[in-house]
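Here is a short briefing on one protein chain. Look over the sequence and the fold, then read on.

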Amino acid sequence: LLRKFSKIVMNFAEKSATFFDPHLEDFTNYLCSIALNHDFQIERIYSMMCMGSIAKGAPQMCQISNTRFLFPVIYCLISIIAEVTEDSNWTFDPNDVQPFVIAKDTFGAISKECGNSDFFQYFISLMEEVLSKPDQPWQIVYAVIAAFAELDTNTLSLLIESSERHNDQVL
């Protein structure tokens, strides 16, 4: 039942994601709880795909919904990326559906659709927090670096250029 529900939401969200706006915080928390629940298998994947569909279907809504969507989703996806193990497949395989692989892909898609200064500011501060602790487990370090590698570089470049122009104007 949960699988069917997730598939329906995934397809619906790409076309009508703004429908979720009044309930976005609760729905995001619901999707994150499924994605983080190890008792589920394919449902975890579908939940992450729903997050991506919402971002694709209503990027403007997601960009202004920092605490209701972006921040919890970033934290959720990085937590799942950190599920990598030493035995994980380290080579690219387009058919790999391990949750940590899907989380990396979803993070990249959401950064492309919703990447704005708030998104990057939150992610960079999270990355700084993780990498400043020398006793951090390698999986956590891997997760933030892997997420960083998935960032949409075009959006990031535009933000850097915009920031530099702003700094020039202030001087």
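pLDDT is the predictor's confidence in each residue, on a scale from 0 to 100. This is a predicted model. Its mean pLDDT is 89, and 94% of the residues reach 70 or more.

**Confidence by element**
- Helix α2 has the highest confidence in the protein, at a mean of 96.
- Confidence is lowest in helix α9, residues 153-170, where the mean is 67.

**The α2/α5 pair**
- Helix α2 covers residues 24-36 and helix α5 covers residues 66-81.
- Their axes come within 9 Å and cross at roughly 5°.
- Angles under 35 degrees count as roughly parallel, so α2 is roughly parallel to α5.
- From α2, the contact is made by Leu24, Glu25, Thr28, Asn29, Cys32, Ala35 and Leu36.
- From α5, the contact is made by Arg68, Phe69, Pro72, Val73, Cys76, Ser79 and Ile80.
- By class, the contact of α2 with α5 has 9 nonpolar, 3 polar and 2 charged residues.

**The nonpolar core**
- The largest nonpolar core has 51 residues.
- Met51, Ile54, Ile78, Phe107 and Ile110 have the most contacts inside this core.
- Eight elements are listed here as giving two or more residues to it: α1 (2-16), α2, α3 (42-57), α4 (59-63), α5, α6 (99-114), α7 (117-131) and α8 (138-150).
- Helix α5 gives the most to this core, with 10 residues.

**Met51 and its contacts**
- Residues up to four places away in sequence are not counted for Met51.
- Beyond that range, Met51 touches Leu31, Cys32, Ala35, Phe69, Val73, Cys76, Leu77, Thr106 and Ile110.
- Among these, Cys32 and Ala35 also take part in the α2 side of the α2/α5 contact.
- Phe69, Val73 and Cys76 take part in the α5 side of that contact, and they touch Met51 too.

**Two serines**
- Ser53 is found in helix α3.
- Its relative accessible area is 3%, under the 20% limit, so Ser53 is buried.
- Leaving aside neighbours within four places in sequence, Ser53 is in contact with Met10, Ala13 and Glu14.
- Ser117 lies in helix α7.
- Ser117 has a relative accessible area of 44%, between the 20% and 50% limits, so Ser117 is partly exposed.
- Ser117 and Gln63 are 54 residues apart in sequence. In space, their C-alpha atoms are 9.2 Å apart.

Technical notes: Residues numbered from 1 in each chain as written. Predicted model: local features only at pLDDT ≥ 70, side-chain atom pairs only at ≥ 80, totals over all residues. Heavy atoms only, no water. Axes fitted to C-alpha atoms, helices over the stretch in contact; angles between N-to-C directions. Helix = DSSP H or I, 4+ residues; strand = E, 2+ residues; numbered from the N terminus. Parallel < 35°, antiparallel > 145°, perpendicular 65-115°, else oblique. Contact = heavy atoms within 4.5 Å. Nonpolar A, V, L, I, M, F, W, Y, C, P; charged D, E, K, R; others polar. Core = buried A, V, L, I, M, F, W, Y, C linked by side-chain atoms within 4.5 Å. Buried < 20%, exposed > 50% of the residue type's maximum accessible area, 1.4 Å probe, protein only.
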